[in-house]
Amino acid sequence: MLVWAAATVVLLLVAVLLWRGSDAAATESTTAPPADVPSGTPAGAVSETWSADGELPTGTVVQSGRVLVGSAHGVRALDPLTGEEAWHYTRSNARLCGLTATNGLAVAVFATADRCDEAVALNAGTGVRAWTRSVRFADDATLTSTDRIVLASNPTGIVTIDPTGDNIRWRYAAPAGCRFLGTAAGSAGIAVLQRCAGATLAQVRLFDGFSGEAHWSRDVALPEGGEIRLLGADALPTLLVDGEVQALTPADGTVLARLPVPEGADVQVGPAGTVTLVRVDGRLLGLDATGATLWDLPALGLPAAPGIDKDTRGPAALLVPEDGAFVQRDPTTGAALGRSEAADLPEDGVATSIGPVVVLRLPDRVLGYR
C-alpha cells in the first residue's frame with residue numbers, strides 16, 4: 001500500500017509540473033457577449049475620452065464593434081464607447097509575432113520557440129476561439145490581411161491563409177538570390193516588391209490572392225540612395241519610388257499616375273472602394289480607376305476603408321481627420337457631408353466611426369473620441 005501511495009503522489013507531482021509548463025496553463029482568455037454599439041453618428045463636436053497603447057494589428061483596428069490592441073503576449077478587445085477591456089487572449093509562454101483582423105476575426109500568430117509556429121483566430125466581437133493551427137513561419141514573419149485572405153510574409157517568402165477556414169491556400173518563396181523588400185494584400189491581389197543580388201532593377205509582382213497565380217511582373221529602376229517602397233495593393237497598386245508615388249493598373253502594372261513626394265514628406269495610402277486614397281505631405285487625393293485625381297484636399301491622416309451604405313449600396317462616407325475636425329466626405333467627389341469638431345488632432349492617424357464614437361488609430365496607440 002505504501003508503494004502504491006508513493007507512486008500516486010509521484011504521478012500527481014509530475015502531472016502538476018506538466019500542467020504548469022503546458023500551453024493550457026500559460027493561456028489566459030476571457031470572452032464577452034457580442035458588441036452592442038449604439039447606432040448614430042458622431043456629434044457635431046467630439047473630444048478624446050480614452051486611449052490605449054499597444055502593438056496594433058495591421059490594417060483595421062476595428063472589427064465587429066470592438067477595438068483590437070495587441071501586446072507582447074496576446075491581444076485584447078476594447079469597448080469603443082469606454083475604452084474598457086471586453087475580452088483578452090494571452091500566452092505567457094509565447095511571443096506575439098503578428099496580429100491582423102478581417103471577416104469578423106482577430107488572427108494572431110505566436111512564437112513558442114525560435115519560430116512563429118501557432119496561429120489562432122478569435123471572434124473579434126466575443127473573443128471565442130474560432131480555430132487554432134500549427135504553422136511554420138520564420139521568426140520575423142509579419143501579418144496583414146484583406147477580405148478573406150490573411151498574408152504572412154518575411155523577406156524570403158509569403159504564405160496565404162483562409163481566415164474563415166484556417167487552411168493554407170498557397171506559398172511563394174523568393175527566387176534564389178532575391179529578397180522581398182515589401183508585400184501587400186488588397187482587393188487587387190497579393191503584391192510583392194523583390195530585389196535580387198547584383199541587379200540594378202527591382203520587380204513588382206502581382207498574384208491572385210486566392211489561387212496564387214501570377215498576374216504580371218514589372219521592372220522598376222532602383223534609385224541610387226533614394227527610397228523604394230510598396231504601399232498598397234487595392235484598386236490601384238501603389239509604389240513609392242525615389243520621390244514619387246506611382247499608381248499602377250491592376251491589369252498589367254502600367255503606371256497610371258505619378259505624384260511627386262517632397263523630401264521627408266509623409267505618405268499614406270488607403271482603399272475606398274474603387275477609389276484609391278493617397279495622402280502626401282498633408283494633402284489627401286482620391287484617384288479613380290484610370291489614375292485621374294477626383295479630388296484633392298488638406299488632411300491630417302486617412303479615413304479607414306469605408307463600409308457599404310445601406311441606401312445607395314455604394315461605399316459609405318469617408319471620415320477624414322482634418323485640422324480641427326473629423327469631416328465626413330463623399331468618396332467620389334470629396335464633398336463634405338458632415339463635420340465633428342475636434343481640437344488638437346495628431347497627424348498620421350486613420351479614423352473610423354462606430355456609432356457615436358470616432359476611433360483614431362496611430363502608429364503606437366489608439367484614441368477614442370466622443
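Mentor: Let us begin with a term: a residue is buried when its relative accessible area is under 20%, exposed when it is over 50%, and partly exposed in between, using a 1.4 Å probe and protein chains only. This is a predicted model, in which local features need pLDDT of at least 70 and side-chain atom pairs count only at pLDDT 80 or more, while totals for chains, interfaces and linings use all residues. Residues are numbered from 1 along each chain as its sequence is written, and side-chain values use heavy atoms, with hydrogens and water left out.

Trainee: Is Leu-240 buried or exposed?
Mentor: Leu-240 is buried, because its relative accessible area is 4%.

Trainee: Which residues does Leu-240 touch?
Mentor: With contact taken as heavy atoms within 4.5 Å, and not counting residues up to four places away in sequence, Leu-240 touches Glu-227, Ile-228, Arg-229, Leu-231, Val-245 and Val-261.

Trainee: Where in the fold is Leu-240?
Mentor: Leu-240 belongs to strand 20. Helices (H or I, at least four residues) and strands (E, at least two) are DSSP runs, numbered from the N terminus.

Trainee: What does strand 20 pair with?
Mentor: Strand 20 (residues 238-241) runs antiparallel to strand 19, and four bridges join them; two strands pair if DSSP finds at least two bridges between them. A hairpin of five residues links strand 19 to strand 20, and Gly-232 stands opposite Thr-238 in strand 20. Strand 19 (residues 228-232) is mostly covered, with four of its five residues buried.

Trainee: Changing topic, what is the phi of Asn-103?
Mentor: The phi of Asn-103 is near 55°, a positive value in a residue other than glycine. Most residues other than glycine have a negative phi.

Trainee: Where is Asn-103 found?
Mentor: Asn-103 is in the loop between strand 7 (95-102) and strand 8 (105-111). That hairpin has two residues between the strands. Seven bridges join strand 7 to strand 8, which run antiparallel, and Thr-102 stands opposite Leu-105 in strand 8. Seven of the eight residues of strand 7 are buried, so strand 7 is largely enclosed by the rest of the structure. Asn-103 itself is partly exposed, with a relative accessible area of 33%.

Trainee: And what about the phi of Arg-148?
Mentor: Arg-148 also takes a positive phi, near 65°. Arg-148 lies in the loop between strand 11 (142-146) and strand 12, and counts as partly exposed at 44% relative accessibility.

Trainee: How much space lies in the second largest pocket?
Mentor: The second largest pocket holds about 180 Å³ of space. On a 1 Å grid over the protein atoms alone, a pocket is an open set of points where a 1.4 Å probe fits, with protein on both sides within 12 Å along at least five of seven lines; lining residues have an atom within 4 Å of a point. Grid points are joined across faces, edges and corners, and the volume is the space filled by probe spheres set on the points.

Trainee: Which residues are closest to its centre?
Mentor: Of the 15 residues lining the second largest pocket, Phe-137, Ala-138, Asn-154, Gly-157 and Val-159 are the closest to its centre. Strand 10 (129-137), strand 12 (149-154), strand 13 (157-161) and strand 14 (168-173) each give two or more residues to that lining.

Trainee: How many lining residues are nonpolar, polar and charged?
Mentor: The lining of the second largest pocket divides into eight nonpolar, four polar and three charged residues. Here Ala, Val, Leu, Ile, Met, Phe, Trp, Tyr, Cys and Pro count as nonpolar, Asp, Glu, Lys and Arg as charged, and the others, Gly among them, as polar.

Trainee: What order do the strands take in the open sheet of five?
Mentor: The order is 2-33-32-31-27, with mixed pairing. Strand 2 (48-53) and strand 27 (302-303) stand at the edges with a single partner strand each, so one side of each has no neighbour in the sheet. Strand 31 (residues 350-354) and strand 32 (residues 357-361) pair in the antiparallel sense over five bridges, and Ile-354 has Val-357 in strand 32 as its bridge partner.

Trainee: Lastly, how many helices and strands does the protein have?
Mentor: The protein has two helices and 33 strands. Of its 370 residues, 49% count as buried.
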